[in-house]
Each structure stands twice: as C-alpha cells, then as structure tokens.
Amino acid sequence: MEEARGFRDMPGAGKGAVALIWVQTGLVAILLCLGLSGSPPEEMQVPESMGELMLVAAVTVGLGGFIFALSFPLIWGKNWARIVLILYYAILAAAALASMVSQGTSGSDWRNLLLGSLAVLLLLNRRLKTWCTPGGAER
C-alpha cells in the first residue's frame, strides 16, 4: 500500500520547517526589491555598479529559488532534501556567528543565526527524520 505523503500528513516540525523556508524566501524577495529600488536597509551592503548588483541579485534569486524548491521534496518525505536543508541552514547559522564574532553584531546576523538554528532544530526532529525515511510513515 502506498503511504501518505503531503503537507497534511507531515509531522508538526516538518510543517514548521516548510513555513520557515517560505517566510525566509519572502523576506529575501522583499530585501532584494528594496535593494534594487535604491532604498535598502542600512545593514545591506549593495554594490555600487549595476553589473555587480545584477550578479548579486541573480545569485540571491538562484539560491533562494533552490532552497524554496527543496521544500517540496521535503513535503513529499525525501530524506536527501532534509539533509541538504540541514547543511544549508547549519552553514547559514555558522556564517552569521562567525560574522558576529569578527565584525560585531548586526540585525541580519541575528536573523540568520536564529533562522538557521531554528531550521536545523526543526529538521533534526526525530518524528520528521522517521517520516522522511522509506516506510517511516507506517511506523
């Protein structure tokens, strides 16, 4: 029998992780629009030249789209997507912590540290791990 896979069937930690990914994607889109409109927040370091700005925007959109796209295999219970997301958010939190130690704190560092830490905790949840393994939903 085919086991149920979908957002409704996910454990609560999985739903929280997916919601966090979607909120982060929305925040990135808003900050990117603010940066391109010429009124970025003070903490954003926007390149002066238009070519560099477009490169930064392309990388941001590409990475954000990739992470957003990974939320769908996670919803379907794919463990590889959970592992990639754990690595991404652990690196995000570590980079924010390293930046805070070397340069002092800023709002984006705190946001990335909290976001990365919370996402890793949600993705490491035992019920989500069990649900993402083949046959895990039946146990």
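Helices (H or I, at least four residues) and strands (E, at least two) are DSSP runs, numbered from the N terminus. By that rule, this predicted model has five helices and zero strands in its protein chain. From the N terminus on, the elements run α-α-α-α-α. Residues are numbered from 1 along each chain as its sequence is written, and side-chain values use heavy atoms, with hydrogens and water left out. Local features need pLDDT of at least 70 and side-chain atom pairs count only at pLDDT 80 or more, while totals for chains, interfaces and linings use all residues.

**Confidence and surface**

- The mean pLDDT (the predictor's confidence in each residue, from 0 to 100) of the protein chain is 83, and 84% of its residues reach 70 or more.
- Confidence is lowest in helix H1 (residues 12-37), at a mean of 82, and highest in H3, at 92.
- Where pLDDT is low, the predicted coordinates should not be read in detail.
- Buried residues (under 20% relative accessible area, with exposed over 50% and partly exposed in between, 1.4 Å probe, protein chains only) make up 35% of the 139 residues.
- The accessible surface (Shrake-Rupley method with a 1.4 Å probe; for residues, only the protein chains shown count as cover) comes to about 8500 Å². Carbon and sulfur atoms hold 68% of that surface.

- H3 has 25 residues and reaches 36 Å from its first C-alpha to its last. That is close to the 36 Å expected, taken as 1.5 Å times one less than the number of residues.
- Buried residues of H3 include Leu85, Ile86, Tyr88, Tyr89 and Leu92.
- Gly104 follows H3 and has a positive phi, near 95°.

**Contacts across the chain**

- Among contacts (heavy atoms within 4.5 Å) between residues at least 6 apart in sequence, 65% join residues at least 24 apart.
- Leu74 touches residues including Met10, Leu85, Leu123 and Trp131, not counting those up to four places away in sequence.
- Gly77 sits in the loop between helix H2 (50-75) and helix H3 (79-103). Gly77 is buried, at 7% relative accessible area.
- Leaving aside neighbours within four places in sequence, Gly77 is in contact with Arg5, Trp131 and Cys132.
- Asn112 lies in helix H4 and counts as buried at 19% relative accessibility. Leaving out residues up to four places away in sequence, Asn112 touches Leu92, Ala93 and Ala96.

**Aromatic pairs**

- The structure holds six aromatic pairs. Rings of Phe, Tyr and Trp (its six-membered ring) pair if their centres lie within 6.5 Å; planes under 30 degrees apart count as stacked, over 60 as edge-to-face and the rest as tilted.
- Trp22 and Phe68 have ring centres 6.2 Å apart and planes at 45°, so the pair is tilted. Trp22 lies in helix H1 and Phe68 in helix H2, so the pair ties together parts 46 residues apart in sequence.
- Phe68 and Phe72 have ring centres 5.5 Å apart and planes at 85°, so this pair is edge-to-face. Both lie in helix H2, four residues apart, about one turn of the helix.
- Ring pairs link Phe7, Trp22, Phe68, Phe72 and Trp76 into a cluster.
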